[in-house]
Amino acid sequence: MGAALLPDLGTEIFIPVCAVIGIAFALFQWVLVSQVKLSPVSPSSGSRDSSNKNGYNDYLIEEEEGLNDHNVVLKCAEIQNAISEGATSFLFTEYKYVGIFMVAFAALIFVFLGSVEGFSTKPQPCSYDSQRTCKPALATAAFSTISFLLGAVTSVVSGFLGMKIATYANARTTLEARKGVGKAFIVAFRSGAVMGFLLAANGLVVLFITINVFKIYYGEDWGGLFESITGYGLGGSSMALFGRVGGGIYTKAADVGADLVGKVERNIPEDDPRNPAVIADNVGDNVGDIAGMGSDLFGSYAEASCAALVVASISSFGIDHDFTGMLYPLLISSMGIVVCLITTLFATDFFEIKEVTEIEPALKKQLIISTVLMTVGIAIITFISVPATFTIFNFGTQKVVHNWQLFLCVSVGLWAGLIIGFVTEYYTSNAYSPVQDVADSCRTGAATNVIFGLALGYKSVIIPIFAIAVSIYVSFSFAAMYGVAVAALGMLSTIATGLAIDAYGPISDNAGGIAEMAGMSHRIRERTDALDAAGNTTAAIGKGFAIGSAALVSLALFGAFVSRASISKVDVLTPKVFIGLIVGAMLPYWFSAMTMKSVGSAALKMVEEVRRQFNTIPGLMEGTAKPDYATCVKISTDASIKEMIPPGALVMLTPLVVGIFFGVETLSGVLAGSLVSGVQIAISASNTGGAWDNAKKYIEAGASEHARTLGPKGSDPHKAAVIGDTIGDPLKDTSGPSLNILIKLMAVESLVFAPFFATHGGLLFKL
């Protein structure tokens, strides 16, 4: 087999050092963002030193804009404060309910896993080597419960920190837009980077510390140690589910309500301060697109790592106690932080954006640079940390794998992610023909717009699915299920850059809203709109990555589940498996129906409230009276808390019900079915919604001759585009992104409870 070049001590140093570098870099970016002051600066105190290329010392006031009015800065600060308070209050309410669930589910894990051996405290024969004794099942139950709680708390903290950073940066981005689009871009992007690096580093360091602490108890029993670590992934994803669904319902209820009454009925601009739902809409961007997405990608990272570690623990790395080889998944993630740090500097320091047209290419370059550099990083890590040959557990046998094959497994996942990103961009950016065709279809009304948008979404599934299929085939051929798990980690290895690009979108969207509400000039709104349009596309790219990685992660978890539940093969032709397959394929539709209906019913209440205020508050349309923003915020909060419970319960209870009553074979069918259908619906829903949104923005911007023939705002084609955008809102921001959590979460939950299902499950078939 041969030994790796990197000693265990090197691994013990490299991983935490990379995590600390990530956290330090995030804090440094935050300090730079905080240089933009949210208080009026007098000319005497404002430094006129413009030697700093990124303009932090530029005096903020542009005379020709007529903005030497300090009221504008104060107004921006006031609006930012209202958005931040609304988002914080919603998340605290959500976490209160989710916290109760977390404690209850932790107790369930302990009881179910502890009962596998009748709560015995005696050592047991090891699952994969009956000659050796391993720690009792009760220990696995206790440590799985602890790792579940750790994963849940880390997921919640990741989402909350992201939201705090985004609400801190939104008004600062608006103020910087007065100096030019380049300055505003840098503030928004740096803020996204703060979130990206904090999340990547926190996820890594918590997992690393947990493994080392658990090792003190488990000693030589690495199989038991890494089985108990799977709870970390379950905790991360279960919190992400509620964050994504709750946040998605909140943001889209407000968005749909604001758009339908404000833009379609009252013909006022987006984010007009007269619109009662405008604050709730901007709060929603932060709780759904930022906090929800942060928890979601953290969950993917945690589960991919757990799936790889479980398979590795019963392969030669675990059997031979090769600690460096064992922690290969964490080494990949550590290298990812270093690579993303270098990549971020290209956007903020090496190149400067001067024109609106340079925004999208700059974000695309981030994806390309990070992928190219990461390929080199993966090669270095693989050849120094993994022996030349080793064996990987493959459904009962040990498969011999070479280190160059492992390098290809990770790389194929990484490059598949880039392909998915670019295809998503092609189908959702208004720079290309698909979205322009959707915009053109608005000439004949909303119906043709909807038909074209749906067709675009279905078509956009083709290439990503081929990319996922190729990466699964290559990685499985080379290194069995371990190969699939590290391919998912490859796709997620540049998570810090991916999150920076993704979080940039909602920050820019908020910046545009603040500019409109503060009554800033048309030129500034044009700049923030350009940032926002690029942000829409990057958000779609981020969702593409999340869905692609979810497909690989859930397949890897499925493999680990099959191994842990001692299933020799999953035969589709047996009735037990086939009924699971067909029911599993139905679940994403059921889940989507619940989330879409939730958005619809919440939006209905919002529309009624906004109409009521316009009809009953004298002077509201004239701008002489203030709307009641708080009532709209409360409607969104109450609706999302109430409506997130049924979809969450569907996902969390399905594996338990199927496993207990129908057994592990039927459950394996359910997991396979939900994976196959969930990925398709998720990609098409996200891209359809993204395309409708950007078709509307294409008409509003009027940047080309073609776009000007469809506009201006308020024209019939524009109204048709707004209706398409409104239909797409729950697709792209609630149902689509939540589906990738459904397929991952059911798989990781099945993996955690596998020993219980294998021992006590299948009650109906035992009658």
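By class, the residues lining the largest pocket comprise 11 nonpolar, five polar and 10 charged, where Ala, Val, Leu, Ile, Met, Phe, Trp, Tyr, Cys and Pro count as nonpolar, Asp, Glu, Lys and Arg as charged, and the others, Gly among them, as polar. The model is predicted, so local features need pLDDT of at least 70 and side-chain atom pairs count only at pLDDT 80 or more, while totals for chains, interfaces and linings use all residues. Residues are numbered from 1 along each chain as its sequence is written, and side-chain values use heavy atoms, with hydrogens and water left out.

The largest pocket has a volume of about 900 Å³. Its lining consists of 26 residues, and V356, E526, A530, A701 and A703 lie nearest its centre. Helix 10, helix 16 and helix 19 are the elements that each give two or more residues to this lining, and helix 16 gives the most, with nine residues. Helices (H or I, at least four residues) and strands (E, at least two) are DSSP runs, numbered from the N terminus. Pockets and cavities are found on a 1 Å grid over the protein atoms alone: a cavity is a set of points where a 1.4 Å probe fits but cannot get out, a pocket is an open set with protein on both sides within 12 Å along at least five of seven lines, and lining residues have an atom within 4 Å of a point. Grid points are joined across faces, edges and corners, and a volume is the space filled by probe spheres set on the points.

The structure holds 12 cavities of 30 Å³ or more. The largest cavity contains about 330 Å³ of space. It is lined by 30 residues, with D289, D509, N536, D693 and K732 the closest to its centre. At least two lining residues come from each of helix 5 (222-265), helix 6 (278-313), helix 15 (495-517), helix 16 (522-564), helix 19 and helix 21 (716-760). Helix 16 supplies the largest share of this lining, six residues. By class, the lining of the largest cavity has 20 charged, six polar and four nonpolar residues.

The second largest cavity holds about 140 Å³ of space. Of its 16 lining residues, T494, I495, G498, L499 and F545 are the closest to its centre. Helix 10 (359-385), helix 14 (462-492), helix 15 and helix 16 each give two or more residues to the lining, and helix 15 gives the most, with six. The classes here are nine nonpolar, six polar and one charged.

The packing of nonpolar residues is the next topic. In soluble globular proteins, nonpolar side chains tend to be buried together. Leaving out residues up to four places away in sequence, F561 touches I567, V664, L667, S668, L671, S750, L751 and A754, contact meaning heavy atoms within 4.5 Å.

S554 lies in helix 16 and is buried, with a relative accessible area of 3%; buried means under 20% relative accessible area, exposed over 50%, and partly exposed in between (1.4 Å probe, protein chains only). Beyond its neighbours within four places in sequence, S554 is in contact with L675, I743, K744 and A747. The C-alpha atoms of S554 and L671 are separated by 8.4 Å, although the residues are 117 apart along the chain. The side chain of S554 also reaches the backbone oxygen of A551 at 3.2 Å.

N687 has its place in helix 19 (residues 645-701). N687 counts as buried because its relative accessibility is 3%. Residues up to four places away in sequence aside, N687 touches T424, T428, L456 and S460. With S460 there is a side-chain to side-chain polar contact at 2.9 Å, a polar contact being a pair of N or O atoms within 3.5 Å; within protein, one must be able to donate a hydrogen and the other to accept it, and residues adjacent in sequence count only if both atoms are side-chain atoms.

A302 is found in helix 6 and counts as buried at 0% relative accessibility. Its contacts, neighbours within four places in sequence aside, include Y232 and G233.
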